[in-house]
Each structure stands twice: as structure tokens, then as C-alpha cells.
Amino acid sequence: MHPVLKLVVQRVALGLLLLLAVSAVIFLGVEALPGDTAQAILGQSATPVALENLREKMGLNEPALTRYFHWLGGVLTGDLGTSLTNGTDIAQAIGQRLGNTLFLASCAAVISVPLALVLGIIAARYAGRWPDKVISGLTLATISLPEFVAAYFVIYLLTQVFPIFQPVAMVFPGMGFWSKLHAVALPVIVLVLVVLAHMMRMTRAAILNVMQSAYIETAELKGLRPIQIIWRHAFPNAIAPIVSVVVLNLAYLVVGVVVVEVVFGYNALGQYLVDHVTKRDLPVVQAVGLVFAGVYIGLNILADVIAIVANPRLRHPK
Amino acid sequence: MTDLLDTMLTRARKGVMSRREFMARTTAMGVSAGIASALYGKVARADEPKKGGVIRGGIYGGESTNSLDPALAASPVPVITCSTWGEMLCDVTPDGGLDMRVAEEASSSPDAKVWTFKIRQGVEFHNGKTVTAEDVVATLKRHTDEKSQSGALGIVQGIAEMKAEGDKVVLTLTSGNSDLPYLLADYHLGIQPNGGFDNPTEGIGAGPYKVETFEPGVRTVFTKHANYFDSSVGHADQVEILVINDNTARTAALQSGQVHMINRVDPKISELLKGSPDVAVKQTAGRGHFVFIMHVDKAPFDNNDLRMALKLGINRQEMVDKILGGLGSRGNDFPINAAYPLFDDTIPQREYDAAAAADYYKKSGHDGSPIILRAAPGAFPGAVDAANLFAASANAAGIPLQVKLEPDDGYWTNVWNVEPFCASYWGGRAVQDQMYTTAYLSTADWNDTKFKNMAFDELLIAARAELDLAKKKADYSQMAQILRDEGGLILPMFNDFVEGVRNEIGGWYDDPNGELINGRALSRCWLT
């Protein structure tokens with residue numbers, strides 16, 4: 001078997017085990033929270049009778065282990081179940097929301113990844129000179145800004161001072177592609193600002209690291225232009241660390257943007273998860289947790305594979 | 001004065017000032033009613049409703065866990081949603097009267113025990129079926145079912161027998177209740193085909209708008225119910241609720257015109273919003289209130305002198321100014337204010353009095369150990385700040401009050417109704433009887449102060465069946481005074497509804513029954 005294929009198979013198998021462990025941990029975590037779904041739903045208006053009725057209806061009186069294995073059996077047969085709180089089909093709800101999450105993440109990625117690479121290369125080319133300082137200064141400033149502050153700032157600037165975009169970024173089925181793009185413009189801007197610096201700094205550092213090598217000196221001596229040296233000789237050898245940081249940020253764009261979702265009222269997975277954690281709606285929390293863990297594990301496998309493919313030494317191990 | 005008049009005329013022209021408000025303001029300025037009316041008629045084409053368009057509301061208080069089942073409605077978005085597609089037997093008007101809807105007439109036996117509701121002819125559900133007395137009975141049955149977990153269970157459980165007779169619904173109560181129609185105006189009780197037994201979450205009712213798209217926690221789209229029985233309601237072709245829980249985004253959406261109205265304007269920014277040319281801030285006195293509750297059966301709160309010391313040791317005006325930003329009014333330690341029918345405004349307002357509080361504290365013989373008040377940020381907006389202000393003013397009177405910060409998570413389970421002294425809130429009810437019965441009757445499920453007073457209970461039962469309003473008012477006044485002087489309730493403030501409305505919205509009026517015109521702003525307003 002080809003070593004890369006073997007590695008992928010190994011990683012996927014390990015990933016599945018990890019997912020199982022994650023589901024158990026999430027279950028335990030939610031169980032450990034004070035109060036149960038019935039209490040969370042009824043809140044201040046809970047009476048003992050109503051609590052008992054609701055628990056009975058939602059099957060909360062079953063022992064925890066029974067509920068967990070019942071859920072696990074469902075998942076293995078492709079049935080995520082229904083939400084305890086409003087009885088909607090979880091797979092369907094997640095499907096739509098995951099689509100929105102991925103749409104927002106891809107929009108942000110399509111802009112931020114190339115931009116970060118280009119800026120990183122420019123910063124490396126002019127290391128220590130003013131373009132480097134300007135780029136580093138600006139991106140460090142944007143990453144230092146908490147997301148919600150950046151969000152409020154762009155809301156103010158682009159909906160009040162210059163009314164170009166709308167502050168509430170909800171997207172609905174049936175919206176055209178361009179109107180969807182228009183709707184998510186503000187969260188995309190915020191996310192780009194947040195993830196740009198990390199990727200750009202890593203690109204710059206990785207390239208500068210390679211620039212110390214002897215073969216770069218050779219390239220310089222044979223009279224190549226600096227930007228050509230970076231593009232043809234330094235960058236290909238700096239890909240591995242850059243890819244792992246890029247993937248880390250992509251994973252963040254999928255699973256970690258709940259604050260941005262809330263501020264812009266964007267109907268994606270993060271908000272959906274938080275609502276259901278508040279109500280202790282275990283089947284939904286489990287399902288979303290699984291999706292998030294899956295995305296994380298999947299992207300990490302991808303990063304490893306790319307790092308290996310990009311590195312001949314790892315590609316052909318002795 | 002002419003400047004002021006001009007401003008008001010402009011506002012009337014834009015439709016942001018109702019005839020009622022315009023008349024009240026101008027006559028207060030000394031303009032005669034006749035002239036004011038003529039002025040208004042000249043400018044206010046806006047007062048004639050315009051049909052068509054799409055009205056959008058940006059609403060705080062929706063989650064992706066919400067359902068269309070009215071029995072489960074509890075937070076603002078579901079409540080407003082129910083009020084848009086649902087139609088109750090009757091509505092409560094802003095001045096405390098009844099507006100008959102699905103029922104055309106309500107009458108009772110002299111002891112207020114047997115009620116007859118005549119069902120209006122030709123009211124149609126969204127699915128084309130005609131509303132019958134059987135549907136009404138089925139709806140009430142569904143909410144009285146112990147298994148339904150309906151939020152209206154407490155309201156309808158006093159109905160012993162219900163039956164449909166032709167076009168009439170006859171309800172027999174376990175004991176007389178002269179307020180029954182008010183209770184049946186509750187937002188949970190929209191009439192549904194076969195009571196919603198077939199599919200509780202289908203969202204079919206007889207209201208002015210029917211649900212087109214429902215995405216929990218995101219938005220609800222409604223279209224006009226073509227065969228709605230009342231042409232004076234439901235002006236836009238389509239209305240939408242967008243769930244915007246974030247304060248800043250909600251305000252920005254209003255200012256940029258993405259939505260036409262929002263609820264829960266943050267008191268901190270209401271002044272700033274007033275400066276915006278396209279937006280008006282509407283402030284309506286409501287019945288909701290923020291409270292600190294003591295369990296009167298637990299030490300040290302079983303001592304009325306100590307309770308009195310704490311009641312005198314709170315600075316209510318400071319709370320209204322600092323916690324509500326002035327958008328509210330002082331409470332008087334009973335849960336009723338002028339927004340309720342039959343309110344007695346002669347009961348003296350309790351003031352902050354450090355000296356008297358110190359005297360009562362000394363008289364109580366308390367050992368001087370810290371008195372713990374528990375509060376969480378979610379107990380009510382500004383709860384922790386309010387608790388700290390309370391502690392500061394009480395400490396100044398020599399009362400060793402200490403605030404213990406609790407997490408929001410699990411607050412209503414682990415602290416409220418469990419710990420003897422904590423912060424909480426009430427949303428107010430349709431009538432005084434309902435408020436007292438919910439939380440202050442000895443046997444109440446939610447008696448969160450553990451207040452048990454025979455005289456109070458007897459007055460409450462007597463007032464409930466009383467059809468003579470003067471007597472009823474006297475009973476309520478006496479109850480208020482008992483609760484004020486002996487209860488475990490410290491009620492520093494009633495909060496106003498503060499809402500933002502764009503100028504292109506016409507037909508707005510104030511309604512103390514609930515936020516956004518008691519949840520009806522989308523169906524009562526129009527686009528000018």
C-alpha cells in the first residue's frame with residue numbers, strides 16, 4: 001500500500017474512534033450541567049406537575065446510559081433523532097445550518113487565504129522595511145481586536161456612515177447567490193480581519209526561515225530577482241507549516257465563529273448549538289458536537305496529507 | 001409653541017403620531033379640540049391605513065429551540081408570533097376594556113360562575129375551515145390538559161366544565177370569576193381547528209396573518225389571511241419577524257431600514273436613538289416589574305420588622321434612574337401599577353428612609369450577620385447592578401446586606417424559589433386577580449415569597465366573583481396594602497416597554513398589555 005494512502009486510512013480510523021470518545025465526553029458534559037431539559041424549557045414557570053409531564057414526554061426518566069446507547073444506535077443507522085425542545089428533525093436542521101456555516105467559512109477563506117499568502121510573501125520580500133512593518137502592524141491590530149468590537153465597528157462604518165451593506169446577515173433558502181453574498185459581506189469582512197494575521201505571520205516566518213538556506217544564496221548569486229527566489233525556491237519549501245496554520249484557521253472559521261454569528265444574526269451552526277446547550281437539548285448538542293469534531297479531525301488529516309505530499313522526504317520515507 | 005406645533009404636525013403627517021396622541025398633546029398646549037382635530041385631519045392622510053407592502057420587525061428573544069405550538073410560547077418572539085397568526089376569543093384594549101374577536105359576546109350568570117360566549121359567524125381558519133364552537137372548546141381542552149404543559153394551564157384550570165351549544169360556548173367555573181374574558185385573551189389561547197389536537201405545531205389559526213415560513217430562531221414570514229373577518233386589521237400584504245438577539249445589530253438594522261420596528265431598545269442608547277431623524281422611540285408603561293423576593297417562612301425573613309427595614313432601605317428612584325435609565329416607574333411593594341384596571345393610586349409611595357430602616361432593623365433584633373441577596377445577570381436586565389445599589393443603600397442604613405453573584409445557568413432551578421432572598425422578575429398579567437392568583441395566593445404554584453395570609457386569600461376570592469367594580473376596587477386596594485406592609489416582596493421598579501419604530505410606520509398606539517402593541521404591532525400598523 002502506498003505510504004500516503006496507508007496514513008490516510010490510519011488517520012481516518014483513528015478519527016472515528018476520536019469521534020466516539022467526543023460523543024461520550026459531550027454526553028457526560030451536558031449531563032453534568034445543573035438542571036435538565038425540562039427545567040431549562042419551563043424556566044421560571046416550572047411547576048412540579050409540568051416538569052414531570054415534560055420529562056415523561058421527552059423520555060428523560062430513562063437512565064443516562066440507556067439514553068446514550070439509544071442515541072448512539074440511532075446515529076450508527078443514520079438517524080440523528082429529533083430535537084427535544086421543538087420536535088424538529090435534527091438532520092434536516094443541521095443540514096441547512098451547516099450549509100450556511102460552510103458558505104460563510106468559504107467566503108471568508110476564499111478572500112483571507114490568498115490575501116494572507118500574498119501579504120506574507122510581500123512582508124518576507126521586504127522584511128524589516130516599511131511594507132513589512134505596515135502589513136505586520138495592520139494585521140496585528142486587527143487580530144488584537146475582539147471579534148465583536150470589529151463587528152460593531154464594521155456595522156457602524158458600512159451600514160450607518162456608508163450605508164452599503166445590511167447589519168443583519170440572515171440568509172434564507174431561495175435567496176440568489178449574489179444577494180446571499182451581499183448579506184454575508186459584513187461577517188466575512190470581520191472574519192477575514194480576524195484570521196488574516198495568523199496565516200500571514202506564519203507565511204512570512206516560514207519563508208524567512210527558508211531564506212537562510214544555502215540554496216537561496218545560490219539562487220541570489222545566479223542573479224534571480226528576489227520575488228522569483230521566494231516564489232520558486234523558498235515558498236514551495238515553506239508550504240508545510242503554512243498549510244497547518246491555514247487549516248487551523250479554516251477549522252476555526254467553521255466551528256469557532258459563534259460570536260460573529262450572534263452579532264450579525266447569522267443563522268448557522270454555532271448559534272444553533274448555543275441555543276440548544278442552554279436548553280440542555282442533548283440530541284442536538286451531540287449531533288452538532290459530532291459535526292464540529294468531524295470537521296476538525298477531517299481538516300487535520302488534510303493538513304497532514306498536504307504536508308507529506310509537499311515534502312519529498314516525508315513522501316518517500318526510507 | 002408654534003415650533004412645537006410644527007414638529008407635531010410633521011410627525012402626524014408622517015404617521016408617527018396617532019390622532020389620539022396628537023389630540024392629547026395639542027389640547028394640553030391650549031389648542032381647542034375642534035381646531036386640533038381639523039389640523040390633524042388636514043395633515044394626517046397617514047391616519048387612514050394604507051394597504052400593501054412588507055413590514056419587518058427585528059425582535060429580541062427568539063431561539064432555534066422555539067416551536068409554533070402556542071402552548072409552549074414563553075419568550076418574546078414566540079409570544080409575538082402567536083399574537084400574529086392566532087386569534088383569541090377576545091383582546092384586552094389599551095384602556096382595559098374588551099375587544100371581542102372570535103367571540104362576539106360574552107355574558108355571565110350573576111355569580112360569575114357560568115359564562116356564555118357567542119361565537120362570531122363567518123370567521124375562517126387559515127386552512128379554509130370555519131371556526132365553530134367545537135373548535136373553541138377543543139382549544140380550551142387542549143390547554144387544560146395536565147399533559148399539555150401549556151403555559152396557560154394556570155389560567156384555564158379553573159374551568160370545571162365546557163360545552164358547545166350551537167354557536168355558543170358555555171363554560172362553568174369551579175368558583176366565580178368576573179375576569180374570565182380577560183384571562184381568555186391570553187396569547188396561548190388562539191383558537192385552532194380541533195384545538196390543535198391533530199398537529200400542535202402546524203401554526204393554523206384564525207389570526208390576520210398566516211404562517212408562510214417558520215425557521216425557529218431565525219425568522220417567520222407571514223402572508224395576509226385573505227378571508228380575515230376584520231378589515232381594520234392587517235394592512236401589509238406580508239409581515240416578517242426577524243430574530244435579532246444582539247442589541248447593537250437590532251438597533252443598526254432599524255436605523256438602516258432593514259427592519260421597521262424593534263423591541264427592547266437598550267435604555268443606555270434610547271437617548272441617542274431619539275436623535276436619529278428616521279426613527280422614533282416609543283415608551284409605554286407596562287406591567288412588568290423587577291423584584292427582590294424574600295421567603296417569609298425562613299429566618300431571618302420571617303421577621304416582618306426586618307422585611308420592613310429592607311423595604312425602606314432600598315432607593316427606588318435611584319434604581320429607576322440608573323438601572324432603567326429613567327424608562328420606568330417606582331414600585332410600591334405590590335405587583336400592581338396604573339397600567340392595571342382598578343388600580344388604587346391613593347396608596348402612599350414608599351420612599352427610601354435610612355433612619356426608619358435603621359429603626360426597624362434594630363427592632364427586628366437581627367444578630368448582625370450578613371444578609372445574603374442572590375442575583376444573576378439574567379435575573380432581570382441590570383439585576384446585579386441593582387442588587388449592588390440595594391446593598392449600598394441598605395448598608396448606609398446599617399443593614400448588613402451582601403450580594404452573592406450567581407451564574408445565569410440554572411438560576412431558575414437552583415436559586416429562584418429555593419434560596420430565601422434573590423432577584424427575579426415578573427411579566428405582569430392581564431388583570432390584578434391573575435397576578436395575585438399566580439404568585440401571592442397561599443396555594444399558588446409560583447408563590448415565590450411563600451406568602452400565606454388568610455385575610456388576603458379571602459379578599460382575593462371575594463373580589464374574583466365580585467361584579468360591582470367599586471367593591472372590587474376596594475378589595476384590591478386592601479390586598480395591595482396587606483402585601484405592601486407584610487409581604488416578602490420588594491418591588492423597586494416597573495419597567496417600561498421601550499421600542500424603536502421607523503417613521504414610515506403608521507398607526508402606532510401605546511398598549512400597556514404587552515410589548516410591541518401587545519404583540520400586534522405587525523398586524524395593526526401600516527406603511528405610509
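**Helices, cores and a chain contact**

A:Arg204 touches A:Gly120, A:Ala123 and A:Ala124, leaving out residues up to four places away in sequence. Keep in mind that this is a predicted model.

Q: Why does A:Arg204 count as buried?
A: The cut-off is 20 or more other C-beta atoms within 10 Å. A:Arg204 counts as buried because its C-beta neighbours inside 10 Å number 25.

Q: How many Å separate the C-alpha atoms of A:Arg204 and A:Leu119?
A: Along the chain, these two residues are 85 residues apart.

Q: What percentage of contacts in chain A between residues at least 6 apart in sequence join residues at least 24 apart?
A: For background, chain A comes to 14 helices and zero strands, and its C-alpha trace spans about 85 × 60 × 35 Å along the principal axes. Of its 318 residues, 39% count as buried. As for those contacts between residues at least 6 apart, the share joining residues at least 24 apart is 73%.

Q: How many residues does the largest nonpolar core have?
A: In soluble globular proteins, nonpolar side chains tend to be buried together. Here, the residues with the most contacts inside the largest core are A:Ala108, A:Val190, A:Leu191, A:Val288, B:Val102 and B:Leu373. The residue count of that core is 227.

Q: Which residues is A:Ala108 in contact with, leaving aside neighbours within four places in sequence?
A: A:Ala108 is one of the residues with the most contacts inside the largest core. With the sequence neighbours set aside, its partners are A:Val188, A:Leu191, A:Val192, A:Val195 and A:Leu253.

Q: At what angle do helix H12 and helix H13 of chain A pack?
A: H12(A) runs over residues 269-278 and H13(A) over 282-310, and their axes sit 9 Å apart. H12(A) brings A:Leu269, A:Tyr272, A:Leu273, A:His276 and A:Val277 to the contact, while H13(A) brings A:Val284, A:Val285, A:Val288 and A:Val291. By class that makes eight nonpolar, one polar and no charged residues. The crossing is left-handed, and the packing angle is about 145°.

Q: How many residues of strand S1 of chain B are buried?
A: S1(B) covers residues 54-59 and is mostly covered. Out of its six residues, the number buried is five.

Q: What is the bridge partner of B:Ile55 in S10(B)?
A: S1(B) pairs with S10(B), residues 238-243, in the parallel sense over six bridges. S1(B) also runs parallel to S11(B), joined by two bridges, with B:Gly57 opposite B:Met261 there. Back in S10(B), the partner of B:Ile55 is B:Val239.

Q: Which element gives the most to the side of chain B that touches chain A?
A: The contact takes 36 residues from chain B and 37 residues from chain A. On the chain B side, S10, H8 (247-255) and H14 (411-414) each give two or more residues. The residues of that side divide into eleven nonpolar, 17 polar and eight charged. With five residues, the element that gives the most is H8(B).

Definitions and conventions. Residues numbered from 1 in each chain as written. Chains lettered and ligands numbered in written order. Predicted model: local features only at pLDDT ≥ 70, side-chain atom pairs only at ≥ 80, totals over all residues. Core = buried A, V, L, I, M, F, W, Y, C linked by C-beta atoms within 7 Å. Buried ≥ 20, exposed ≤ 12 C-beta atoms within 10 Å, placed from the backbone. Contact = placed C-beta atoms within 7 Å. Helix = DSSP H or I, 4+ residues; strand = E, 2+ residues; numbered from the N terminus. Pairing = 2+ DSSP bridges. Axes fitted to C-alpha atoms, helices over the stretch in contact; angles between N-to-C directions. Left-handed = near helix turned anticlockwise from the far one by under 90°. Nonpolar A, V, L, I, M, F, W, Y, C, P; charged D, E, K, R; others polar.
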